[in-house]
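I wanted to learn how the inside of this protein is packed, and I kept short notes as I went along.

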Amino acid sequence: MSFFSFQKKTDNKKKNEIAITSDHNLLPTLENLSKIQPTGCDSIEYPSGDMYDGEINLYKQRHGAGVCKYSTEFTEREVPSASLKQPMIYSFTGKFFNGNPCIDTQAVIQYENGDRYCGTVMGYDDDLLNDNSLLSEFYHRSYPHRTLFGGSNTSSPSSTSPTNNSSNNNNYLSPNNNNSLTPPNSSKKKKSGFAFKSTASTDVSESLGVKNVLECIPFIMKHGEGELHYSDGSKYTGSFVADAREGYGVMVDLKNSTEYYGNWKDNEKDGFGVLIFKDGTVYEGEFKDGKQGGKGTLKLPTGDKIEGFWIGNAVRGTFEKGTLQNVQNKCPIMLLREEMKKTEKNDRMTTFQHGGTTVLTKEELLTQKKWDGLFNLFLDGIKCEKLHFENSSAYKFIEQKKDGSVSPISKKSIQDSLQTYLEDAITPKVQANNNNNLLDTSTLPFIGALTTEMNDNVLSRIISKFVNIFTWKYHYSDIKTTGTAKYLIPHALDDFHSFVLYLYEVTSNIIGKDAVGIFGPRRLIYILKDNVLGKIYTTLFAIYKCCYQEQDNLYKFKMMALSNITMRELGVKPSFIPENKDLFRNPYEECIQKLRKVSTQFVTAHEKYDLLVQVGIELISAIDFIEERKTSKLTDRGADDVLPVYLYVFIQAQIPHVYSTFKFLLDFIDEQVNNSEMGYRFSSFENAIQYIPMIDASIRDTNGILVPTFVLEERLGTCVTKIKKEAKERGESPRLLWISSIFIVVGSSITELLQNNMQSNSLSNTDVTTTIPLTSTNAAPSVTLYDRHHLELLRKYFEYAERILQCVSLKLEVTEVEMDTLPSNRPSLDDLDDDWTPLQRKKLNVEDNSNKVYRVIIEQTYPSHIYFKMASKLEEFIEEL
């Protein structure tokens, strides 16, 4: 080795040593970590039993990405006061800087009892507990009114060690009366949270100021924005301070079947909040120490309202009577009303005990105040944005024109300016850097708090915060069953609509009422609604897909079975059917491709409605093109003429999750849709949704055209109504209910014939004997009726039976034959049961001499279940009349 190479190596070593010395006092952030890269990877076991596996720096401090496993037997680890009653840490996955966890990136903490946290963290160690450190200064500057330790801060609290004050023999710092940790007195020197027994030269490490003795990994606390998933399925998202829920947060408590939106302090509900019970009961008001405390209003599902001063469940206030609807148990509500009247007279307290039903009906919005805490986080930003807008040219122009009339040109100019401002205000400019994520969060059930869009405009930050909460609350990993999804849909829609209305009010306050009047209130709320919906669509639509997965599968297989159906079989007019030999491409193909995108490439309801409009317009253009090419003229057409063509396009599109898409669009119909072409085009989409399940490829008329079951039902209903009307005019009351049994006889005959056909592989096998005589020839098959009741009633009501049977392509025919030619299997008197009376036998003996034979000719054969369904429908129609 040359002198120059040795000198260069020595200089690089000194350079790294100087870098470690100079950056050791920097805050543990990703920016600082990027400046000093890890030097390698190692697995470290500490004397306490803790384990670390990950990246390290030159002196083997935790530096970079790594995983910590905490020892459950080590009892001398210091923890903050909020952690005393919480489970111990099992593992930590995150990034470190010089031994300390980075404070501005995502990390995952797994607890011993199964709880899991994902969010920002802070190490509870020397650098935080030492008043002179940068980390301690950073903490106290962020939270000036909160201390980690009680008492005086003149000396470092880290100079003493913890004593055993826990019932489970774990050594913690003891809490004082101020709910903060007080270090116990001990002469034993406290173990360093950063030191490690390095294999490097002791003289060098000490000269650099790097500690070289470490017994354990310091406690890492939840601090900042994050999500906590409890082992029982409950979850919280929001703000943490020193391992405690503090600030604004949302809690979904599965144990008590409640949702809470509001402020927290020391792990308890504290301040203004909204508590929603599963049955729709809502409390909105003040909380103290986790319970109702102060002014508040309780709204019951009945519409009843209790407003007053609360101390826990006890209340003194007024009662406002509701409608008493949608409530199973009215007695407790009645009693509560009486108790509330007593409070008004005698100034006493009444206790409210919640005991509602378990199902929330889809009604009006629960409460808009649930987002008060969220918007309060951005009050300063909202005020600054309002001042910023008031200095804009658009605002000044509006002020000038406020007293006078605004010309159409000026109004259009103002609207364009406001449109540009709004699009810029609610659109994120800088996306979060996902490269800093340590984990692949797509497989984890905590997404909401992991990504935060950064933008100078406060409206975009508010929307991003809501999107995080919404994504966290309705993450697909928490939706296990269809019942869960069905319950969540009205809650999700309530969250969306209530937030949009609140956002509308804030936006109106920023730009002013005059600007809203010129721009248009509906136009403003539609812009906000589409923007927010576009960001939560993936999460929201996942709930719809889970809720309606059974219907989606039915439509999927149904349309696959109908995919080979031709336009002629659907009843499309010949002039609308393209000739493949004359056209290079099917003119309807573009409509098919566009309609297929309705559930995949558009995220807002209005975009989907616009697509339906485009498909409808292009479908009419394609029909015009084909008809003019084939007939050289255009004919007048109605909706019934276009519907078969739309059905063909609908079936060929094979739309994924088509029923979920339909229900999604149905829930987002608004005034803009109803008052425009969107509503008309959506009705075509809805008709197709209703029509498809009724199409059976085996049900056709005599021309081979597919006939939906509802068409047969309509024919049957119309015929029965007409017969009843005619009979009433003649003063008759015909018996018609028995005709349903003929449908059952025909359906059973077809079923038996098909079964025999499967056994013999031939319809004309004469060796097969049927108990119900069905004749199959080269002509139409027929069923001969031998039942005594049928014979008697057919002689009297032949005309009515003939008309009703004809509705399902059944022709009733009567012929006279010689007695010796009657079928041998025709029932005789000997076949009658013993309970028949002599009079009945005598009457039937006379009838038995008749030589009339009644046959039901099956002109168009349908599946047997259709005849059974027609029998049931006939009975319904007759009973209704």
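The entries below follow the order in which I looked things up.

**Ground rules.** I am working with a predicted model, in which local features need pLDDT of at least 70 and side-chain atom pairs count only at pLDDT 80 or more, while totals for chains, interfaces and linings use all residues. Residues are numbered from 1 along each chain as its sequence is written, and side-chain values use heavy atoms, with hydrogens and water left out.

**Cores.** I first looked for nonpolar cores, meaning sets of buried Ala, Val, Leu, Ile, Met, Phe, Trp, Tyr and Cys residues joined through side-chain atoms within 4.5 Å. Buried means under 20% relative accessible area, exposed over 50%, and partly exposed in between, with a 1.4 Å probe and protein chains only. The largest core has 115 residues, and those touching the most other members are Trp371, Phe499, Tyr588, Leu595, Phe650, Phe664 and Phe685. Helix α14 (residues 521-547) gives this core its largest share, 15 residues; helices (H or I, at least four residues) and strands (E, at least two) are DSSP runs numbered from the N terminus. Apart from this core I found another, of 45 residues, which includes Ile56, Phe96, Val121 and Leu228.

**Val121.** I then looked up Val121, which sits in strand β7 (residues 116-124) and is buried with a relative accessible area of 0%. Leaving aside neighbours within four places in sequence, its contacts (heavy atoms within 4.5 Å) include Phe92, Pro101, Ile109 and His223. The C-alpha atoms of Val121 and Val241 are 9.4 Å apart, although 120 residues separate them along the chain.

**Helix α19.** How many residues of helix α19 (residues 658-667) are buried? I noted 7 of its 10, among them Tyr659, Phe662 and Phe664. The elements covering these buried residues include α14, α15 (549-561), α17 (605-631), α18 (639-653) and α21 (677-691).

**Aromatic rings.** A search of the whole structure gave me 37 aromatic pairs, where rings of Phe, Tyr and Trp (its six-membered ring) pair if their centres lie within 6.5 Å, and planes under 30 degrees apart count as stacked, over 60 as edge-to-face and the rest as tilted.

**A charge over a ring.** Lastly, I noted that Lys370 lies over the face of Tyr261, at 4.9 Å from the ring centre; this requires NZ of Lys or CZ of Arg within 6 Å of the ring centre and within 35 degrees of the ring normal.
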